[in-house]
Amino acid sequence: MVGRLDTDNGSIIIPTEVIANIAGMAATQCYGVVGMASRNTADGLVSLLKKEALNKGVKVVIDGEYLVVDLHIIVEYGVNISAICENIVNNVRYSVESITGFKVKRINVYVESIRVEQ
């Protein structure tokens, strides 16, 4: 699936995987986020994704001329989850809109796990 932005000079086509990478990088730069999560649907286990696979913890859906972004994250123990999620939404919205030119309709943040330091 690709996002298409028509301008006076032509069309810009950006695959949703690229948008997912941008959103994943923006989310992991936020304080308290350990990384993106991948859920194994067979056994319900959640695993931390490496930096090369950030887009696997992100789902981007094109809804008309807007984007809907789902983020699956792992957070640090002891941080305020609601504050982290608000920060993520603001950071991801700004990054995606300023880099791609697409408008973000909604960002859903799913906290899949909490990492406790040993």
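Me: Leaving aside neighbours within four places in sequence, what is I88 in contact with?
Reply: This is a predicted model. In it, I88 contacts A27, C30, V33, L71, I73 and V109.

Me: Where does V109 lie?
Reply: In strand β7. V109 and I88 are 21 residues apart along the chain, and their C-alpha atoms are separated by 8.1 Å.

Me: And what does V109 touch, not counting residues up to four places away in sequence?
Reply: L71, I73, C85, I88 and V89.

Me: Switching to the largest nonpolar core. How many residues, and which touch the most other members?
Reply: The core has 25 residues. V58, L71, I88, V92 and V96 touch the most other members.

Me: Which elements each supply at least two residues of this core?
Reply: Two helices are on the list, α1 (16–28) and α2 (81–100). The strands are β3 (33–40), β5 (58–63), β6 (66–76) and β7 (103–115).

Me: Which gives the most?
Reply: α1, with six residues.

Me: Now the helices. At what angle do α1 and α2 pack?
Reply: About 140°, with the axes 8 Å apart. Angles over 145 degrees count as roughly antiparallel. α1 and α2 are therefore oblique to each other.

Me: Is the crossing left-handed or right-handed?
Reply: Right-handed, as α1 passes α2.

Me: Which residues make the contact?
Reply: From α1, I19, I22, A23, A26 and A27. From α2, I88, N91, V92, S95, V96, I99 and T100.

Me: How do those divide into nonpolar, polar and charged?
Reply: Nine are nonpolar, three are polar and none is charged.

Definitions and conventions: Residues numbered from 1 in each chain as written. Predicted model: local features only at pLDDT ≥ 70, side-chain atom pairs only at ≥ 80, totals over all residues. Heavy atoms only, no water. Core = buried A, V, L, I, M, F, W, Y, C linked by side-chain atoms within 4.5 Å. Buried < 20%, exposed > 50% of the residue type's maximum accessible area, 1.4 Å probe, protein only. Helix = DSSP H or I, 4+ residues; strand = E, 2+ residues; numbered from the N terminus. Contact = heavy atoms within 4.5 Å. Axes fitted to C-alpha atoms, helices over the stretch in contact; angles between N-to-C directions. Parallel < 35°, antiparallel > 145°, perpendicular 65-115°, else oblique. Left-handed = near helix turned anticlockwise from the far one by under 90°. Nonpolar A, V, L, I, M, F, W, Y, C, P; charged D, E, K, R; others polar.
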